[in-house]
Amino acid sequence: MKDQQKKWVSLAEASLKEKGWSKSDLAIVAGVTPSAITQLFKQGKGSDDLKLLIHKKLKLSESWEKLEEMN
């Protein structure tokens, strides 16, 4: 996974912690399986729609796409 994607994951994990949510909670809110969240956070695997949905649900300040453009 690229450094900018790791930064996005760090932001997402910090947001989860602030909300008191687990990754399983996020999966429920996003309507996906917990394994989809795990793959996204650990390997960067996931559709653009999933990344955008997580971005919106966690109210992240930086999008996955913006971080990719910084390369």
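Visitor: What does the accessible surface of the protein come to, and what percentage belongs to carbon and sulfur atoms?

Guide: The accessible surface comes to about 4,500 Å², and 49% of that belongs to carbon and sulfur atoms. Areas come from the Shrake-Rupley method with a 1.4 Å probe; for residues, only the protein chains shown count as cover. This is a predicted model, in which local features need pLDDT of at least 70 and side-chain atom pairs count only at pLDDT 80 or more, while totals for chains, interfaces and linings use all residues. Residues are numbered from 1 along each chain as its sequence is written, and side-chain values use heavy atoms, with hydrogens and water left out.

Visitor: How many helices and strands does the protein have?

Guide: It has five helices and zero strands. Both are DSSP runs numbered from the N terminus: H or I of at least four residues for helices, E of at least two for strands.

Visitor: What makes Trp 8 and Phe 41 an aromatic pair, and what kind of pair is it?

Guide: Rings of Phe, Tyr and Trp (its six-membered ring) pair if their centres lie within 6.5 Å; planes under 30 degrees apart count as stacked, over 60 as edge-to-face and the rest as tilted. Trp 8 and Phe 41 are 6.4 Å apart centre to centre, with 75° between the planes, so they form an edge-to-face pair. Trp 8 is in helix H1 and Phe 41 in helix H3, 33 residues apart. The structure holds one aromatic pair.

Visitor: Which residues have the most contacts inside the largest nonpolar core?

Guide: They are Trp 8, Leu 26, Phe 41, Ile 54 and Leu 58, in a core of 15 residues. A nonpolar core is a set of buried Ala, Val, Leu, Ile, Met, Phe, Trp, Tyr and Cys residues joined through side-chain atoms within 4.5 Å. Buried means under 20% relative accessible area, exposed over 50%, partly exposed in between (1.4 Å probe, protein chains only).

Visitor: Why are the buried residues of H4 said to line one face of the helix?

Guide: In H4, Leu 50, Lys 51, Ile 54, His 55 and Leu 58 are buried. Seen down the axis of H4, the buried residues fall within an arc of 140°, so they line one face; the arc is that of the directions from the helix axis to the C-beta atoms. On the other side of H4, Asp 48, Asp 49 and Lys 56 are exposed.

Visitor: How do you know that Lys 19 lies over the face of Trp 21?

Guide: NZ of Lys or CZ of Arg must be within 6 Å of the ring centre and within 35 degrees of the ring normal. Lys 19 lies over the face of Trp 21 at 5.4 Å from the ring centre.
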